[in-house]
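Me: Please take a close look at the aromatic rings in this model. I would like the ring pairs and the contacts between charges and rings in one connected account.

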Amino acid sequence: MAGRADGSASALVAEDEGGIYGWARVGRSRDPDAGDEVGELWGLYLHPDHWKRGLGRELHDAALAELRRQGFTRATLWVLDSNAPARRFFERQGWRDDGAKKADRVGELRTPVEEVRYRISL
């Protein structure tokens, strides 16, 4: 079976002498329509002070390498429909919008947001 059977995630951190400036979490896809071969980039964050230096791409590539190491052959991620910079970043890395959408609620006020799903072959 590919990846972690218990559904847990692996965490990766990007740090320097100043501390942690980025992180990524990966694991088995949480989507009900995903097979055992599908992993998921659960989240990726890079502090804005570290943007435009190639560090986000390095963290992204390390996350995909971890998914491959866990045995996945494809991956998905969910991103806010309204987050154009993130969508452009992932598209530059080879991810493609697969047409799936979902509504979610975030924050204390449970504000409704729409997310779109992206896919990539590993």
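Reply: A charge sits over a ring if NZ of Lys or CZ of Arg is within 6 Å of the ring centre and within 35 degrees of the ring normal. In this predicted model, the charged end of Lys102 sits over the ring of Trp78, at 4.4 Å from the ring centre. Arg30 has its charged end over the ring of Trp42, again with 4.4 Å to the centre.

Next come the contacts between rings. The structure holds two aromatic pairs. One of them joins Phe89 and Phe90, with 5.2 Å centre to centre and 75° between the planes. This pair is edge-to-face because its planes are over 60 degrees apart. The other joins Phe90 and Trp95: the centres are 6.2 Å apart and the planes make an angle of 80°, so this pair is edge-to-face as well. The 6.2 Å separation of Phe90 and Trp95 counts as a pair because the centres need only lie within 6.5 Å. Through these ring pairs, Phe89, Phe90 and Trp95 are linked into a cluster.

As for exposure, the cut-off for buried is under 20% relative accessible area. Phe89 has 18% and is therefore buried. Phe90 is buried at 9% relative accessibility, and Trp95 is buried with a relative accessible area of 0%.

Note on methods: Residues numbered from 1 in each chain as written. Predicted model: local features only at pLDDT ≥ 70, side-chain atom pairs only at ≥ 80, totals over all residues. Heavy atoms only, no water. Phe/Tyr/Trp six-rings, centres within 6.5 Å; stacked < 30°, edge-to-face > 60°. Buried < 20%, exposed > 50% of the residue type's maximum accessible area, 1.4 Å probe, protein only.
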